[in-house]
Amino acid sequence: MIQEGQQTMGKVQLYPLRFDPIFQYRLWGGRRLASLLSAPHPGDGPIGEAWVLTDRTDHQSLVANGPLKGQTLRKVMEQFREELMGEKFSRFRRFPLLLKYLDAHEMLSIQVHPSEAHPELISAGDTAKTEAWVVIEAEKGSHIYAGLRSGTSASNLRQSLYDGTIADDLVSIIPKPGDAVFIPAGTVHTLGNDVVVFEVQQNSDVTFRLYDWGHIDPKTRRPRPLQVDQALACIEFGARDSGLVAPRVETTTPVERERLFDCHAFLLWRLLGQDSFTVGAMAEPRVLIGIEGSGQIIHKGTPYAVGKGDVWLLPAEVGECAFEPSGEVTLLEIAIP
Ligand SMILES: [Zn+2]
């Protein structure tokens with residue numbers, strides 16, 4: 001049976017692939033992602049994360065449309081790596097980015113992810129983790145912390161952890177919808193108090209918690225474990241490239257295209273328009289996310305509907321496509337450098 005399925009897959013010409021979200025219980029989460037992603041939440045507990053594109057062993061995105069419907073992203077990577085990833089395919093055994101929405105009803109733990117400079121802190125098969133957020137919704141009390149205030153040393157941090165005043169050592173941001181926040185690996189960061197963000201990150205799950213605000217996990221009735229020594233070991237003290245990013249406008253017609261992030265792991269643009277424009281790129285993969293409004297990707301004359309919260313992967317062999325908005329639309333487009 002499996003072989004028959006593989007033979008069938010081998011004949012498929014790739015096309016724009018849509019994926020369904022995988023919702024994750026988190027004690028700091030809320031219930032706002034259901035309406036944002038037009039997908040019902042499981043159960044009635046707090047949902048903190050929707051993993052919208054993931055090629056991780058424990059969580060695999062499933063194709064939601066067309067001949068490959070029901071296949072995991074891993075399987076598509078295995079069978080169509082070159083068609084999917086283009087010329088740089090040999091660099092990638094698994095899809096290099098992990099895309100999520102976060103609904104941070106409470107504050108997340110204050111945490112840090114290691115950079116490539118700390119292989120000893122990265123478990124086998126995982127990578128460093130640089131990430132970035134685009135704020136989707138924020139309330140009056142919402143808060144983001146990204147980076148250390150200038151002059152903060154490891155011994156300052158240890159003292160603040162002991163005193164419970166570590167937030168005073170962090171650069172504080174009052175987020176509003178549309179804000180772009182860059183969190184390179186090695187940056188101390190957190191967010192919460194009813195902020196919803198779209199997150200792009202390297203495909204990694206390595207997190208070290210410095211501080212958890214005294215939260216008790218109602219499932220275990222215990223505080224979650226901290227990893228203070230590992231966290232302190234991978235903080236880039238003195239680094240200055242984290243925090244709010246000023247968008248760079250690249251084009252204004254037929255679509256307003258702003259570059260929000262441009263780092264070694266990903267590029268991300270925000271597209272805003274109401275007339276037909278081009279998405280995707282020749283011979284390289286792109287990811288499109290519907291943020292506001294709706295429209296259609298046109299590939300070989302076939303329309304693929306993009307609504308709010310939808311995630312589409314345009315394989316390298318699909319290349320450029322026309323996007324036909326139905327009224328004003330906001331999309332994110334992500335490339336792999
Ligand atoms: Zn993080």
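Me: How are helices and strands defined and numbered here?
Reply: Helices (H or I) need at least four residues, and strands (E) at least two. Both are DSSP runs. Their numbering starts from the N terminus.

Me: Where is Arg-221 in this predicted model?
Reply: The model is predicted. Strand S12 covers 208-211 and helix H5 covers 228-234. Arg-221 falls in the loop between S12 and H5.

Me: Is Arg-221 buried or exposed?
Reply: Exposed means over 50% relative accessible area. Arg-221 has 72% relative accessibility, so Arg-221 counts as exposed.

Me: What is phi of Arg-221?
Reply: Most residues other than glycine have a negative phi. Arg-221 is not a glycine, yet its phi is positive. The value is near 60°.

Me: Where does Lys-300 lie, and what is its phi?
Reply: Lys-300 is in the loop between strand S19 (295-299) and strand S20 (302-306). Its relative accessible area is 64%, so Lys-300 is exposed. Phi of Lys-300 is positive although the residue is not a glycine, at about 50°.

Me: How many helices and strands are in the protein?
Reply: Strands number 23 in the protein. The helix count is five.

Me: What radius of gyration does the protein have?
Reply: The C-alpha atoms fill a box of roughly 60 × 45 × 40 Å along the principal axes. A compact globule of 337 residues would have a radius of gyration near 20 Å. The protein agrees with that, at 20 Å.

Me: What percentage of contacts join residues at least 24 apart?
Reply: Buried residues make up 55% of the 337 residues. Now take the contacts between residues at least 6 apart in sequence. The share joining residues at least 24 apart is 74%.

Me: What part of the accessible surface belongs to carbon and sulfur atoms?
Reply: The accessible surface of the protein comes to about 14,900 Å². Carbon and sulfur atoms account for 49%.

Me: How many Å apart are the mean positions of the positive and negative charges?
Reply: The protein has 33 positive and 43 negative charges. Their mean positions are separated by 3 Å.

Me: Which residues are the protein donors of the zinc ion?
Reply: The donors lie 2.1 to 2.2 Å from the zinc ion. Along the chain they follow the spacing H-x17-E-x57-H. They are His-113 (NE2), Glu-131 (OE) and His-189 (NE2).

Me: Why does the pair of His-113 and Glu-131 tie together separate parts in sequence?
Reply: His-113 is in the loop between strand S5 (110-112) and strand S6 (131-138), whereas Glu-131 is in S6 itself. The pair therefore ties together parts that are 18 residues apart in sequence.

Me: Are His-113 and Glu-131 buried or exposed?
Reply: The cut-off for buried is under 20% relative accessible area. His-113 has 2%, so His-113 is buried. Glu-131 also has a relative accessible area of 2%, so Glu-131 is buried.

Me: Which residues does Asp-194 contact, leaving aside neighbours within four places in sequence?
Reply: Asp-194 is in the loop between strand S10 (189-192) and strand S11 (195-202). Glu-137 is 57 residues away along the chain, but the two C-alpha atoms are separated by 7.9 Å. Asp-194 is in contact with Arg-32, Ala-104, His-105, Glu-137, Ala-138, Glu-139 and Ser-142.

Me: Which residues does Asn-65 touch, not counting those up to four places away in sequence?
Reply: Asn-65 is in the loop between strand S3 (47-53) and helix H3 (73-85). At 13% relative accessibility, Asn-65 counts as buried. Asn-65 touches Tyr-15, Pro-16, Leu-17, Arg-18, Tyr-304 and Trp-312.

Me: Is Gly-66 buried, exposed or partly exposed?
Reply: Gly-66 is in the loop between S3 and H3. Gly-66 has 44%, so Gly-66 counts as partly exposed.

Me: What kind of peptide bond joins Thr-253 and Pro-254?
Reply: Most peptide bonds are trans. Pro-254 is in the loop between strand S14 (248-251) and S15. With omega about -5°, the bond joining Thr-253 and Pro-254 is cis.

Me: Is Arg-257 buried or exposed?
Reply: Arg-257 is in strand S15 (residues 256-262). Residues touching Arg-257 include Trp-269, Thr-278 and Glu-333. With a relative accessible area of 14%, Arg-257 is buried.

Notes. Residues are numbered from 1 along each chain as its sequence is written. This is a predicted model: local features need pLDDT of at least 70, side-chain atom pairs count only at pLDDT 80 or more; totals for chains, interfaces and linings use all residues. Side-chain values use heavy atoms; hydrogens and water are left out. Donors are N, O and S atoms within 2.8 Å of the metal (3.2 Å for Na, K and Ca); water is not among the atoms, so sites may look incomplete. Buried means under 20% relative accessible area, exposed over 50%, partly exposed in between (1.4 Å probe, protein chains only). The radius of gyration is taken over C-alpha atoms; the globule rule is 2.2 Å times the number of residues to the power 0.38. Contact means heavy atoms within 4.5 Å. Accessible areas come from the Shrake-Rupley method with a 1.4 Å probe; for residues, only the protein chains shown count as cover. Lys and Arg count as positive and Asp and Glu as negative; His and the chain ends are not counted. The place of a charge is taken as NZ of Lys, CZ of Arg, CG of Asp or CD of Glu.
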